[in-house]
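The sequence and the structure are shown first.

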2 protein chains.
Amino acid sequence: MATREDEPAPVRGVERIVRAAIEVIAERGFRGAATSEIARRAGVAEGTIFRHFKTKQLLLDHILEPFVERVLAPIAFRDVHRLIDSDEPEFADFLRVFARNRLEVARENLPALRIFLQEVPLSPELRAMVFRHIGRHIVPELLAVIRKYQARGQIRDDPPETVLRILMSVVGGYIVTRLAILPEYPWNDDLELERTIRVVTRGLAPD
Amino acid sequence: MATREDEPAPVRGVERIVRAAIEVIAERGFRGAATSEIARRAGVAEGTIFRHFKTKQLLLDHILEPFVERVLAPIAFRDVHRLIDSDEPEFADFLRVFARNRLEVARENLPALRIFLQEVPLSPELRAMVFRHIGRHIVPELLAVIRKYQARGQIRDDPPETVLRILMSVVGGYIVTRLAILPEYPWNDDLELERTIRVVTRGLAPD
DNA sequence: TGTCACGGTGAGTGAGCACTCACTTCAGGA
DNA sequence: TCCTGAAGTGAGTGCTCACTCACCGTGACA
């Protein structure tokens with residue numbers, strides 16, 4: 001008999017509210033998401049939301065803060081360090097691991113990512129938070145990785161910032177196309193990523 | 001004496017309202033932009049807005065429709081045709097003209113572009129409009145251009161769709177970095193674009 | 001069994017919003 | 001000079017929304 005044992009236990013209380021909020025905000029935007037609608041979808045009374053979160057803004061913070069902490073920060077602290085430490089011999093290997101990892105993280109956090117991208121242009125605090133994480137940690141770490149492969153003669157001597165921009169554009173472009181623009185298309189991720197990696201690797205190879 | 005002769009004549013009426021609306025909506029998002037605030041910045045009474053636009057939504061449409069028509073459609077009808085017809089001998093030349101043109105168009109329409117990107121995930125009608133323009137015209141035209149350079153042996157035989165995705169990612173990535181993420185950085189557009197074009201051209205070159 | 005704390009409830013409230021309408025101003029034509 | 005219609009005005013209206021509060025049910029513990 002098909003049991004539901006391995007599914008997560010029915011969610012209740014705060015977690016129900018947070019999940020419903022992520023749903024509604026992702027659909028309608030933060031301003032467009034009414035707390036009454038969030039309550040309805042969470043199956044709780046509207047007052048219950050405000051028992052747990054003093055204001056709607058704090059509910060948004062509660063959604064975005066762990067997103068920034070768990071999704072952006074790990075790039076700097078867990079994954080990038082792991083990638084640097086793993087020290088792939090070939091630049092192409094590094095790129096493959098990096099791209100797959102980013103695609104996976106984006107896929108797992110898609111609704112929160114949507115909300116995040118909606119709010120970034122509207123919220124200076126959020127932008128500051130991102131600059132703290134990305135600007136201070138991720139970017140320098142990734143630049144170091146690029147310099148390493150440059151020192152090994154696997155990447156041409158363009159400025160590392162330029163190289164990084166191209167890498168992020170291509171990986172980001174794939175993720176956006178894959179998850180947002182054409183999610184229904186029957187993608188073969190391995191094949192597409194290999195083709196993409198080959199183009200980038202050749203393009204960045206020294207003469 | 002410094003006159004203001006070459007500046008546009010003081011804007012009034014509908015145009016004032018539209019400009020103020022673009023400003024406020026770009027800052028606060030569509031829902032966050034109060035018509036009272038738009039009226040205040042336009043220097044008109046709130047009622048005046050509704051004399052010209054039956055609803056706030058129609059004001060948004062009035063901002064976005066010409067954006068889609070004038071900014072997206074021209075890629076298909078004016079610029080892409082011009083690019084195809086101009087028939088640059090080298091793929092790198094095509095890419096250069098294309099990237100510069102896109103950067104220019106994005107720069108000139110930055111506030112409207114911001115609003116557009118804010119609204120796309122929230123509005124199915126807008127997405128449909130985009131698919132009509134981009135999907136039916138721009139994408140096929142650009143694929144044809146790519147096939148042309150493939151036939152000339154200047155681009156490797158990866159699927160044109162993959163090539164297009166990579167091109168759009170790199171050009172889009174530069175535009176986003178340039179205009180949204182680090183607009184204050186002292187960019188040397190020619191230099192950055194040349195480096196980028198070189199990487200892409202080499203990456204896509206046949207063996 | 002009485003008491004207490006805690007999570008939950010939902011009608012109610014005030015603020016802010018999109019939108020209306022009765023009125024004013026003014027340019028142009030008869 | 002008067003009439004007309006278009007453009008503009010801003011106080012007013014009703015609705016939606018975030019947020020409050022007095023109350024409820026339950027389980028733990030004396």
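## The second largest pocket

By class, the lining of the second largest pocket has nine nonpolar, eight polar and 10 charged residues, where Ala, Val, Leu, Ile, Met, Phe, Trp, Tyr, Cys and Pro count as nonpolar, Asp, Glu, Lys and Arg as charged, and the others, Gly among them, as polar. A pocket here is found on a 1 Å grid over the protein atoms alone, as an open set of points where a 1.4 Å probe fits, with protein on both sides within 12 Å along at least five of seven lines, and its lining residues have an atom within 4 Å of a point. The volume of this second largest pocket is about 510 Å³, a volume being the space filled by probe spheres set on the points, with grid points joined across faces, edges and corners.

In total 27 residues line the second largest pocket, and A:F30, A:L60, A:E119, A:L122 and A:S123 lie nearest its centre. Two or more lining residues come from each of α4 (56-86), α6 (110-119) and α7 (124-151) of chain A, and from each of α1 (14-28) and α6 (110-119) of chain B. Among the elements, α4(A) gives the most to this lining, with five residues. Helices (H or I, at least four residues) and strands (E, at least two) are DSSP runs, numbered from the N terminus.

## Basis of the model

This is a predicted model, in which local features need pLDDT of at least 70 and side-chain atom pairs count only at pLDDT 80 or more, whereas totals for chains, interfaces and linings use all residues. Residues are numbered from 1 along each chain as its sequence is written, chains are lettered from A and ligands numbered from 1 in the order in which they are written, and side-chain values use heavy atoms, with hydrogens and water left out.

## Chain A

The secondary structure of chain A consists of nine helices and zero strands, and buried residues (under 20% relative accessible area with a 1.4 Å probe, protein chains only; exposed is over 50% and partly exposed in between) make up 45% of its 207 residues. One residue of helix α4 of chain A is A:L59, which counts as buried because its relative accessibility is 1%. A:L59 and A:R16 are 43 residues apart in sequence, and their C-alpha atoms are 12 Å apart in space.

## DNA strand D

A residue is near a strand if one of its heavy atoms lies within 4 Å of it. DNA strand D is surrounded by 16 residues, of which A:T35, A:K56, B:A45, B:T48 and B:H52 are the closest, and by class this surface has five nonpolar, seven polar and four charged residues. Helix α3 (46-52) of chain A and helix α3 (46-52) of chain B each supply at least two residues of the surface near DNA strand D.

## DNA strand C

DNA strand C is also surrounded by 16 residues, the closest being A:A45, A:T48, A:H52, B:T35 and B:K56. Sugar and phosphate account for 52% of the atoms of DNA strand C that come within 4 Å of the protein.

A base nitrogen of DNA strand C, in turn, is 3.5 Å from a backbone N or O atom of A:G47.

## Aromatic rings

Over all chains the structure holds 12 aromatic pairs, where rings of Phe, Tyr and Trp (its six-membered ring) pair if their centres lie within 6.5 Å, and planes under 30 degrees apart count as stacked, over 60 as edge-to-face and the rest as tilted. A:F91 and A:F94 form a stacked pair, 6.3 Å centre to centre with 25 degrees between the planes. These two residues are separated by about one helical turn, because they are three residues apart in helix α5 (residues 91-108) of chain A. Both A:F91 and A:F94 are buried, and together with A:F98 and A:Y149 they form one aromatic cluster.

Technical notes
Polar contact = N/O pair within 3.5 Å; in protein donor to acceptor, adjacent residues only side chain to side chain.
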